[in-house]
Protein chains: 2
Amino acid sequence: MEFKAIGYVKTHARKLPRHWSVSDVEGVLELLPEYVPGLRNIEVGQKIMVLFHFHKSPAFDESYFFQTPPNRNESRGVFSICSPVRPNPIGLSVVEVLDKKDHRITVKNIDMIDGTPILDIKPWITIEQDCPSS
Amino acid sequence: MEFKAIGYVKTHARKLPRHWSVSDVEGVLELLPEYVPGLRNIEVGQKIMVLFHFHKSPAFDESYFFQTPPNRNESRGVFSICSPVRPNPIGLSVVEVLDKKDHRITVKNIDMIDGTPILDIKPWITIEQDCPSS
């Protein structure tokens, strides 16, 4: 199946935290202008999920089935870790909206590198609550 | 960018809840046998995130930028709802592991239709906690 970028992550940070949950880095989700209408109802202060392409990852092969995460001492199966090297290199980060203007959403909690292609934005749903928007 | 199925969702349910957060439906994530090694550390009782392809969705066009979710009275921007009709038709569900055997993971909280192509499995991270596996 084929997917296309709906925009790109912009950030000046050159050193990124290993995960969004420990990141205070700010950046911008710069969507292609044609997608602006889809951003209605995204509000400052909300947390949103960003799906993106790990576009710099090496191709997956069987040597990557077990990987040792940066903050662990043991290797784990690839589907139990957040590694960017996976059979389908799709990443997911939860970021907080700081500002929204036209096709640009300023966010914090960035852990993606500058230029990362964005695939989708979804509402953030916690396990305890019903989806507010399904 | 191109992605490929790593397996398929199997369920006997013919009527599915509108969202995993309100679903008790059981089913099986049947991975292709080659991906079994990657399932190490997935344990019964865990919640896991499943990324999948909304393979039955119509192609996205501008008439889908605003949609009215089933349990709402107002239309919302596509990036603020969980609709299967999106610029990149990628879905995300959080399911609980009931059993794991070889390449088959039995889960509950299914909201995907039988035959749905699976793209990725990731650990479920709540907003309050550090990623346990990054």
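**Strands of chain A**

I started with strand β1 (residues 7-10) of chain A, which is joined by four bridges to strand β2 (residues 26-31) of chain A, the two running antiparallel. For my own reference, strands are DSSP runs (E, at least two residues) numbered from the N terminus, and two strands pair if DSSP finds at least two bridges between them. I looked up one partner: G7(A) bridges to L31(A) in β2(A). On β1(A) I also found two bridges to strand β8 (residues 117-123) of chain A, again antiparallel. There, Y8(A) has P117(A) as its bridge partner.

**Ground rules**

I am working with a predicted model, where local features need pLDDT of at least 70, side-chain atom pairs count only at pLDDT 80 or more, and totals for chains, interfaces and linings use all residues. Residues are numbered from 1 along each chain as its sequence is written, chains are lettered from A and ligands numbered from 1 in the order in which they are written, and side-chain values use heavy atoms, with hydrogens and water left out.

**Barrel in chain B**

Next I traced chain B and found a closed barrel of six strands, β1-β2-β7-β6-β3-β8, with antiparallel pairing. I checked one neighbouring pair: five bridges join β6 (residues 90-101) to β7 (residues 104-108) of chain B, and these run antiparallel. E96(B) has K108(B) in β7(B) as its bridge partner.

**How the copies relate**

I then asked what rotation superposes chain A on chain B. It is 180°, with 0.0 Å of shift along the axis and an RMSD of 0.0 Å (least squares on C-alpha atoms of residues with pLDDT of at least 70 in both copies). That is the relation of a two-fold axis. In chain A, the C-alpha of E2(A) is nearest the axis, 2.2 Å from it. Both copies use the same surface, as 100% of the contact residues of chain A recur in chain B (contact means heavy atoms within 4.5 Å).

**The cores**

Last, I looked at the largest nonpolar core, which has 24 residues. The term covers buried Ala, Val, Leu, Ile, Met, Phe, Trp, Tyr and Cys joined through side-chain atoms within 4.5 Å, and buried means under 20% relative accessible area with a 1.4 Å probe, protein chains only. Among the residues touching the most other members are L29(A), I121(A) and F79(B). β3(A) gives the most to this core, with three residues. I121(A) touches residues including L31(A), I105(A), F79(B) and R86(B), not counting residues up to four places away in sequence. I also noted a second, separate core of 23 residues, which includes Y35(B) and I121(B).

Definitions and conventions
Buried < 20%, exposed > 50% of the residue type's maximum accessible area, 1.4 Å probe, protein only.
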